[in-house]
Amino acid sequence: MSGEGASRMLDVQVRTEDGTEIVTVHGEVDMASAPQLQTALEDAQRGGKPMVVDMSDVGFLGSAGLSALLVISEGRQDQLRVVASDAVRRPIELTALDKLLAVYDSLDAALAGGANTAAS
């Protein structure tokens, strides 16, 4: 596999910090990798804690990834926060999911849980 292909692979890590599940996502979320993201999100939500999905290092978010975020957000009210790179923010805004998802510019802002800083 070339170095370019390896850089696009999805890497998802989950950790708990101050009572919040933080799901850190690196790479690209497309039809092939979205099930991996979905599984990580489902595992992280089992504890019922607030969740931050840090997608600040995601270079592509396709419709399958949007669907995974939408499914996991159902019934969570303000407990799901998404940290969005430009590549993530654009499809969220184009599909009006920023009306349903709390989108933030930084992990610190999402952890603080203040006003949705990315929506305007």
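Which residues does Ser-33 touch, not counting residues up to four places away in sequence? Ser-33 touches Leu-10 and Glu-28, where contact means heavy atoms within 4.5 Å. The model is predicted, so that local features need pLDDT of at least 70 and side-chain atom pairs count only at pLDDT 80 or more, while totals for chains, interfaces and linings use all residues. Residues are numbered from 1 along each chain as its sequence is written, and side-chain values use heavy atoms, with hydrogens and water left out.

**Overall architecture**

- The protein has 5 helices and 5 strands, which follow the pattern α-β-β-α-β-α-β-α-β-α along the sequence; helices (H or I, at least four residues) and strands (E, at least two) are DSSP runs, numbered from the N terminus.
- Of the 120 residues, 42% are buried, a term that stands for under 20% relative accessible area, as against over 50% for exposed and partly exposed in between (1.4 Å probe, protein chains only).
- Among the contacts with a separation of 6 or more, 58% join residues 24 or more positions apart.

**Nonpolar cores**

- The largest nonpolar core has 27 residues, and those with the most contacts inside it are Val-25, Val-29, Met-55, Leu-69 and Ile-92; such a core is a set of buried Ala, Val, Leu, Ile, Met, Phe, Trp, Tyr and Cys residues joined through side-chain atoms within 4.5 Å.
- At least two residues of this core come from each of E2, H2, E3, H3, E4 and H4.
- Apart from it lies another core, of 5 residues, which include Val-52, Val-83, Ala-102 and Ala-110.
- Leaving aside neighbours within four places in sequence, Met-55 is in contact with residues including Val-25, Val-29, Leu-37, Leu-69 and Val-88.

- Leu-41 lies in helix H2 and counts as buried, because its relative accessibility is 0%.
- Val-23 stands 18 residues from Leu-41 in sequence and 7.2 Å from it in space, C-alpha to C-alpha.
- In helix H3 (residues 63-73), the buried residues are Gly-65, Leu-66, Ala-68, Leu-69, Ile-72 and Ser-73; they lie on the same side of H3, because they cover an arc of only 155° around the axis, taken from the directions from the helix axis to the C-beta atoms.
- The cover over the buried residues of H3 includes strand E2 (20-29), helix H2 (34-45), strand E3 (51-61), strand E4 (80-84) and helix H4 (86-94).

- Strand E4 is largely enclosed by the rest of the structure, because 5 of its 5 residues are buried.
- Leu-80, Val-82 and Ala-84 are buried on one side of E4, and Arg-81 and Val-83 are buried on the other.
- E3 and E4 run parallel and are joined by 5 bridges, one of which pairs Asp-54 with Val-83 in E4; strands pair if DSSP finds at least two bridges between them.
- E4 also pairs in the parallel sense with strand E5 (residues 102-104) over 3 bridges, and Val-82 has Val-103 as its bridge partner in E5.

**Buried loop serines**

- Ser-33, in the loop between E2 and H2, is buried with a relative accessible area of 10%.
- Ser-85, in the loop between E4 and H4, counts as buried at 11% relative accessibility.
- Not counting residues up to four places away in sequence, Ser-85 touches Met-55, Ser-56 and Val-58.
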